[in-house]
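Trainee: I should like to work through this structure with you, one question at a time. Please let each answer end on the name or value I ask for.

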Amino acid sequence: MSKGVLGAVFAALVLLGAGTTAGAVGETGGETGGEAAGETAGEAVGGTPGQTVGLVAGEVVVGAAEADLAHHGHVSLWDGRIGVWLVTENHGPSDVVDATVRLAFSAPMAGGQELPPGCLWSSSRVVSCRTGSLPDGGAAGELALDLRTAGRPQELTVDVSTAWRAGGVDRNSVNDRHRVLVLATGDPYVF
């Protein structure tokens with residue numbers, strides 16, 4: 001089995017967890033599969049006025065729960081290393097069984113680096129990490145990454161986004177998508 005196929009299988013296992021169904025994480029930064037795109041009643045087949053309707057894994061879900069995920073933290077770049085510290089929060093009103101945060105770097109990272117449990121390399125520029133369950137008003141523990149870059153870039157960008165959540169509709173995707181320009185000064189760039 002090729003390394004790429006094995007990596008994709010491992011990614012699916014980490015992202016989905018036991019007994020959970022969802023979509024896949026896309027390499028291009030767009031949402032696929034499990035990403036919910038909410039609509040108001042009457043705009044989707046099966047909806048009635050005043051009812052929440054969502055699209056989950058390509059199927060219309062009537063009465064989909066709402067959950068507002070938010071990612072906040074900071075990023076630093078120094079001497080060929082990048083540090084990312086972030087916390088994922090659920091502003092509710094519903095609980096989230098599991099979610100995945102995606103970190104996409106504009107420059108490749110050096111190979112052979114270990115990641116924290118629940119995280120995996122999607123490519124040399126993309127790391128995906130499970131948040132675990134997020135109750136309404138709750139937060140996941142801090143995720144901390146200390147990575148070596150391939151070379152010594154003077155700047156790079158980090159795109160932070162929700163790649164997947166276990167169902168639900170997030171009508172406020174502004175607080176879970178960030179593009180951070182980081183200069184090689186060692187300073188924390190907050191998002």
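Trainee: In what order do the elements of the chain run from the N terminus on?

Mentor: This is a predicted model. The chain has 1 helix and 11 strands. Read from the N terminus, the order of the elements is α-β-β-β-β-β-β-β-β-β-β-β.

Trainee: Over which residues does pLDDT stay under 50?

Mentor: The average pLDDT of the chain is 77, and 67% of the residues score at least 70. Where pLDDT is low, the predicted coordinates should not be read in detail. That caution applies to a stretch for which the model has 103 contacts beyond four places in sequence, and where pLDDT stays under 50: residues 1–61.

Trainee: What percentage of the residues in the chain is buried?

Mentor: The chain exposes about 9,300 Å², of which carbon and sulfur atoms supply 56%. Buried here means under 20% relative accessible area. Of the 191 residues in the chain, the buried share is 40%.

Trainee: Which residue in E8 is the bridge partner of Trp85?

Mentor: E4 and E8 pair in the antiparallel sense over 6 bridges. In E8, Arg148 is the bridge partner of Arg81. For Trp85, the bridge partner in E8 is Ala144.

Trainee: Which residues form the covered face of E8?

Mentor: In a regular strand the side chains alternate between the two faces of the sheet. In E8, the uncovered face has Ala144, Asp146 and Arg148. The covered face has Leu143, Leu145 and Leu147.

Trainee: Turning to charged pairs, with which residue does Glu66 meet in a salt bridge?

Mentor: Side chains of opposite charge can pair when their charged atoms come close. The structure holds 5 salt bridges, and in the one that involves Glu66 the N to O distance is 3.3 Å. The pair links distant parts of the chain, 105 residues apart: Glu66 is in the loop between E2 (59–62) and E3 (67–78), and its partner is in the loop between E9 (155–165) and E10 (177–183). That partner is Arg171.

Trainee: Is Arg179, the salt-bridge partner of Asp159, buried or exposed?

Mentor: The closest N and O atoms of Asp159 and Arg179 are 2.6 Å apart. Asp159 is in E9 and Arg179 in E10, 20 residues apart. At 22% relative accessibility, Asp159 counts as partly exposed. Arg179 has a relative accessible area of 64%, which means that Arg179 is exposed.

Note on methods. Residues are numbered from 1 along each chain as its sequence is written. This is a predicted model: local features need pLDDT of at least 70, side-chain atom pairs count only at pLDDT 80 or more; totals for chains, interfaces and linings use all residues. Side-chain values use heavy atoms; hydrogens and water are left out. pLDDT is the predictor's confidence in each residue, from 0 to 100. Contact means heavy atoms within 4.5 Å. A salt bridge is a side-chain nitrogen of Lys or Arg within 4 Å of a carboxyl oxygen of Asp or Glu. Helices (H or I, at least four residues) and strands (E, at least two) are DSSP runs, numbered from the N terminus. Buried means under 20% relative accessible area, exposed over 50%, partly exposed in between (1.4 Å probe, protein chains only). Two strands pair if DSSP finds at least two bridges between them. Accessible areas come from the Shrake-Rupley method with a 1.4 Å probe; for residues, only the protein chains shown count as cover.
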